[in-house]
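Have the model open in your viewer and your selection tool ready.

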Amino acid sequence: MAADDAYARLAGTLERLHHAVGRCELTDVLNTQDLSFETGIPESVVEVLLAGGRAEEVSVAERVRQRLDLLRETRRREDGKKYTLEEIAAAAGVTRQTMSEWRRKGLPSLESADRLRRFFSLPPGFFFADEPEALNEALQRHLQRLESQSDPLAELRTPEILRLAARGLLSPSGVRAMAQWAEGITRPAASGADSGGPDRKGAAW
């Protein structure tokens, strides 16, 4: 039941994403490799989930081992080299032998998993969240960005304004006043872009 709920939430997010991108494919605007990096989900599984499919069910232990392996493959030290098992073990506060045991058949404690999460700046639930839940969480930031791009006034739809509208406190004249205000605060940006003024990016060269 919990998995079905996670897939239902993901489906809702995907529906909103499709609406935001219009005729584009999600894979045209979302980088599946980046999503894999963020979530610890294999890129092939990310693609399946974005297409509305389901991930193959795996045990919690197998999921954690998979993400530990992906973590070591994708994160790099400042010198560009992979972290050694000893370094990852030290970040988790355990021995190399314990780390090797996790990768074979064990599970890290919540404390050790949280140590790794903080060391690598990973999102909450990186090791234990199931695939649809992890991807849905990662997609929220992209959804907010894409909806803002498709609706320039999205940021004006604050909870406070929506509450006023729901209570009928915005009269027709109030709506017109807000529209004039919105037009006024956006006009300088538009006129500046059309005025042929200096391009900051170009000026930096």
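Start by selecting helix H6 (residues 85–92) and H7: their axes come within 8 Å and cross at roughly 95°. That makes H6 roughly perpendicular to H7, a label for angles of 65 to 115 degrees. The axes are lines fitted to C-alpha atoms over the stretch in contact, with angles from 0 to 180 degrees between N-to-C directions. Helices here are DSSP runs (H or I) of at least four residues, numbered from the N terminus.

This is a predicted model, where local features need pLDDT of at least 70 and side-chain atom pairs count only at pLDDT 80 or more, while totals for chains, interfaces and linings use all residues. Residues are numbered from 1 along each chain, and side-chain values use heavy atoms, without hydrogens and water.

Now show side chains. From H6, Leu85, Glu86, Ile88, Ala89 and Ala92 meet Arg96, Met99, Ser100, Trp102 and Arg103 of H7, contact meaning heavy atoms within 4.5 Å.

Which residues have the most contacts inside the largest nonpolar core? Select Leu17, Leu30, Leu35, Leu50, Leu135 and Leu139, from a core of 22 residues. Such a core joins buried Ala, Val, Leu, Ile, Met, Phe, Trp, Tyr and Cys residues through side-chain atoms within 4.5 Å, buried being under 20% relative accessible area with a 1.4 Å probe, protein chains only.

Notes. Helix = DSSP H or I, 4+ residues; strand = E, 2+ residues; numbered from the N terminus. Parallel < 35°, antiparallel > 145°, perpendicular 65-115°, else oblique. Buried < 20%, exposed > 50% of the residue type's maximum accessible area, 1.4 Å probe, protein only.
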